[in-house]
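Me: Can you walk me through this one? I'd like to start with the contacts between chains.

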Amino acid sequence: MISYVLRQVGLSVGVLVSAIIILFSLIYLVPGDPATIALGPRASEQQKIVFRQSMGLDQPVPVQAFHFVSKLATGDLGTDLLTRQPVLRLVGAALPKTVTLALTGLGWALLLGVPMGCISAMRPDSMTDRLIGLVSTSVVALPSFLLAIYLLIAFAVTLRWLPAMGAGEPGDIGDQIQHLILPAFAVGLGWVGYIARLVRASLLETLQENHVRTYRAFGVSDTRIAMRYALPIAMIPVVAVIGVGLGNLLSGAVLVEVVFSRPGLGSLAHDAVTTRNSPVLVGTVLVTTLLYIAANLSTDILSALLDPRLRKEA
Amino acid sequence: MTAIIDMNDFSITYAGERGPVPAVRGVNLTLEKGRILGLVGESGSGKSSLVSAMLALLPKSAKVSGRLSIGADDLYALSEAQRRAMRGQRLATVSQDPFTALNPVIRIGAQLVEFQHRLKGISRSQKLERAREMLARVGISDPGTRLTQYPHQLSGGLRQRVAIAAALLVNPSILIADEPTTALDATTEAEVIEIIRELRGAVDGSIVFVTHDMGVVARLCDDVAVMYAGELVESGPVAEVLERPQHPYTRALLACDPARIETPSRSLPTIPGTVPSPHALPAGCIFSPRCGAVIDICRSVRPAFLPSDQSRVACHRTEAS
Amino acid sequence: MTTVEETPPVSAPPALKALPGWSTVRRLLSSPSGAIALVVVVALVFCAVFAPLVAPYDPVQIAPRIRFQGPSLEHWLGTDQLGRDVLSRVIFGTRVAFKVALSGTAAALLLGLVLGIVAGLGKSWIDGVLLLVCDAMRSLPMILFALAVVAIYGPSMATLITVITFSMAPGYFRVVRNQVLVLRNMDFVVASQSMGASLGRVAITHLVPNLIGPIIVLIAMDIPAVIGIESGLSFLGQGIQPPEASWGTMLSDGYSFLRQAPHLAIASGLPVIVATIAFTFLGEALRDVLDPKSSRGR
């Protein structure tokens with residue numbers, strides 16, 4: 001168990017370092033003059049010099065790499081080209097909002113996906129199972145921002161059941177929750193389908209196991225066996241993919257935030273890209289990548305902990 | 001004496017991909033109260049299907065015909081709910097594989113409490129106490145600790161004792177032990193058999209012990225029923241059948257039992273030929289293609305299952321004698 | 001000269017498969033969802049190839065007097081804020097979507113193929129490094145990464161295709177690498193190599209037939225994701241640039257006039273929904289036919 005955890009941590013660090021290298025090469029190994037590319041051909045020579053200095057581009061590449069990494073290690077993600085604010089502070093302010101949205105989306109996905117998967121697995125090949133399968137497969141690949149637009153038209157513009165724009169009044173929890181429902185549903189719907197299919201497959205497999213027969217032989221009802229005794233085992237592989245899910249949901253949340261005009265990483269990135277504010281974007285990508293890798297690592301360890309067979313002599 | 005299991009021309013057919021598969025055909029078998037029946041046969045003989053049928057645990061693809069009575073009830077004339085109501089109350093089972101029979105993520109104690117769900121009017125802590133007492137009775141040391149452990153923390157022998165304790169907790173009138181020692185080593189096997197022998201008085205009814213080992217039958221059982229390729233070929237009291245086997249298959253099976261071979265030889269005796277596939281059953285006697293004593297009528301007419309001395313045998317040769 | 005290839009040793013998994021042909025298509029058509037998905041995909045391809053013939057109007061023809069018209073007999077999906085015919089723009093958008101999806105997928109496939117073969121045949125440290133890079137690529141948040149690339153290189157179709165290439169290549173890399181490793185350890189490949197068959201010949205006779213099924217499935221499964229990235233970036237104004245009609249830019253227009261003319265956004269979203277669902281079902285059906293054992297990897 002300990003060696004497993006250490007191995008996973010080691011792998012995660014390796015992946016993170018590789019991701020940093022990829023991002024570094026992206027910014028600093030641009031063919032041509034990065035300043036011209038970034039500022040456009042109409043930028044004055046003075047602007048380009050300032051840009052080069054601020055990005056450290058006037059130094060040799062290994063020096064640049066060293067600066068990049070050593071600054072990252074101290075938590076310095078660079079400064080906003082326009083407002084001169086530290087990128088870390090901007091990202092730090094936006095991140096919790098996006099994570100809240102992604103987690104609520106995950107909540108939707110579990111809330112709908114787990115029961116759908118259970119209903120399917122309890123009556124395999126029934127009409128209900130086929131219908132759930134059809135719906136699950138259909139929603140799996142739908143872009144969440146598109147869904148957000150449709151939800152906005154249906155529930156906010158036409159029916160006026162829920163608020164359309166923003167994240168709600170600061171301090172008013174009820175209002176904020178109302179503002180969260182639609183965007184979170186848009187973020188989570190694809191994963192409703194994915195989780196429903198995963199739960200179905202995993203539960204069907206678990207229901208084939210011998211201990212389920214034991215419980216049936218003792219006259220325990222099928223529903224109770226499935227819910228109380230098979231589902232906890234069937235959920236172990238589901239928990240393992242939630243880390244992956246959080247990454248996908250964060251990506252989806254970025255666009256959904258723009259659609260619903262919610263503050264967060266998405267709006268931050270959207271504003272930054274229109275002003276070509278690349279340090280903000282690189283910082284955003286780095287922090288999100290770190291978050292994703294951490295989420296993956298913790299769900300890997302969590303799913304190992306959930307299984308008493310693996311927990312043995314931890 | 002009262003019959004506790006009574007099968008009359010009982011058959012099981014599965015809906016297979018290549019047409020129906022007749023897994024069990026025309027079984028007539030009676031088990032009296034208080035006795036231990038050894039159900040013997042090779043793998044594929046239909047004994048596992050028969051066990052599932054007795055527990056009303058056949059898969060949906062199975063169709064039954066004939067009659068299988070538990071006490072006064074015709075099991076397959078009951079509704080699904082009524083059948084389920086019999087399990088865990090009048091019927092209990094010990095499964096073949098102790099390593100997978102218990103839920104891996106639930107503590108032993110919680111599982112033993114769940115198995116007593118039919119017992120009304122006693123509290124959870126009382127059920128836990130009953131479980132603790134029963135674990136002690138099947139010879140498990142430190143039962144209090146075992147209750148808080150997970151199945152993987154116990155050895156195979158211990159897990160099978162837990163499974164036996166679980167079955168005894170519900171006071172069944174029929175305990176079906178489905179090859180409970182196959183997955184265990186020889187020493188543990190002997191211990192488990194000893195436990196069942198000691199506790200037979202605790203079962204207010206009968207035990208069906210499924211095995212392919214004639215030695216186990218001799219040590220444990222009162223009656224024996226021999227199955228071959230989905231049919232019952234011989235049944236009767238153990239002393240009678242083992243001393244004077246009438247059916248050629250029973251004789252061959254006994255001849256193959258290493259414990260009974262008197263003159264050691266370099267190779268174990270085997271029965272020539274293979275078990276017929278349920279898709280291509282021979283006409284007449286099911287054993288005729290492999291039988292050393294085959295006569296003409298065997299190949300055309302299926303022998304009836306008739307009394308012979310104290311046993312019942314399905315063989316033309318015994319009818320003739 | 002040798003009979004080695006005709007009698008693969010017992011250790012060989014069921015390796016040599018026939019290339020997918022008409023029998024595959026027939027089996028695909030036998031499942032209702034696969035048949036419908038295939039018909040829809042063929043229809044979309046037809047629209048993309050023959051867009052000028054299929055579209056009733058010029059997609060960039062401005063007609064200020066008929067702005068924001070709802071669906072009618074003349075304009076089935078209505079008109080947009082400049083009076084352009086939405087249906088014609090949707091049809092021309094199919095062309096853009098396929099152009100991006102096909103070139104991005106082709107480049108990703110090529111990159112994945114080359115790196116996969118290098119990783120599978122090369123030294124183990126090369127394999128390790130490539131696997132790590134592949135995991136790192138997969139852990140980047142795709143939309144944010146794409147925006148970062150756009151912020152540095154500027155928005156254009158080339159940038160878009162590059163981002164898609166890099167985001168899709170790890171999937172192909174994994175499939176190719178695993179298959180190469182399986183083949184590399186198989187006795188008959190070792191045997192045919194020792195018999196003097198060149199590496200290239202081994203690759204063509206053994207690798208290609210084994211790869212083609214999983215790769216076709218992967219392409220069908222990836223296209224919805226590619227369409228998602230393309231339309232998402234174009235929606236943000238960082239992908240396809242106006243006035244070219246792409247589903248994403250149309251959604252962006254529709255979003256701007258959501259309250260005035262909701263039909264614009266609804267109509268522009270429909271092709272995205274149809275295409276993603278059709279390709280998803282096609283991928284599922286193809287997997288059932290070509291690659292029954294493989295499950296969807298992470």
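This is a predicted model: local features need pLDDT of at least 70, side-chain atom pairs count only at pLDDT 80 or more; totals for chains, interfaces and linings use all residues.

Me: How many residues does the contact take from chain C and from chain A?

Reply: Chain C gives 48 residues and chain A gives 54 residues. Contact means heavy atoms within 4.5 Å.

Me: And how much area do chain C and chain A bury between them?

Reply: About 4,400 Å², with 77% of it on carbon and sulfur atoms. Buried area is the accessible area (1.4 Å probe) that two parts lose on being put together, summed over both.

Me: What is the salt bridge count between chain C and chain A?

Reply: One. C:Glu284 pairs with A:Arg197, and the closest N and O atoms are 2.8 Å apart. A salt bridge here is a side-chain nitrogen of Lys or Arg within 4 Å of a carboxyl oxygen of Asp or Glu.

Me: Which helix of chain C gives the most to the side that touches chain A?

Reply: Helix 11 of chain C, with 13 residues. Helices (H or I, at least four residues) and strands (E, at least two) are DSSP runs, numbered from the N terminus. That side of chain C divides into 32 nonpolar, nine polar and seven charged residues. Ala, Val, Leu, Ile, Met, Phe, Trp, Tyr, Cys and Pro count as nonpolar, Asp, Glu, Lys and Arg as charged, and the others, Gly among them, as polar.

Me: Switching to chain A. How many helices and strands are there?

Reply: Chain A has 13 helices and zero strands. Its C-alpha trace spans about 85 × 55 × 35 Å along the principal axes. Of its 314 residues, 53% count as buried. Buried means under 20% relative accessible area, exposed over 50%, partly exposed in between (1.4 Å probe, protein chains only).

Me: Which residues are buried in helix 9 of chain A?

Reply: A:His211, A:Val212, A:Thr214, A:Tyr215 and A:Ala217, in a helix covering residues 210-217.

Me: What do they pack against?

Reply: Within chain A, helix 8 (173-207) and helix 10 (222-259). From chain B, strand 6 (91-94) and helix 3 (108-115). Just after helix 9 of chain A, A:Gly219 takes a positive phi of about 75°.

Me: Back to salt bridges. How many does the structure hold over all chains?

Reply: The structure holds 20. One of them pairs B:Glu114 with A:Arg224 at 2.6 Å, N to O. B:Glu114 lies in helix 3 of chain B and A:Arg224 in helix 10 of chain A, so the pair joins two chains.

Me: Is B:Glu114 buried or exposed?

Reply: B:Glu114 counts as buried, at 7% relative accessibility. A:Arg224 counts as partly exposed, at 39%.

Me: Where do B:Arg132 and B:Glu129 lie?

Reply: Both are in helix 4 (residues 124-137) of chain B, three residues apart, about one turn of the helix.

Me: What about C:Asp135 and C:Arg174?

Reply: Their side chains meet in a salt bridge at 3.1 Å, N to O. The pair links distant parts of the chain, 39 residues apart, with C:Asp135 in helix 5 and C:Arg174 in helix 7 (residues 157-184) of chain C.

Conventions
Residues are numbered from 1 along each chain as its sequence is written. Chains are lettered from A and ligands numbered from 1 in the order in which they are written. Side-chain values use heavy atoms; hydrogens and water are left out.
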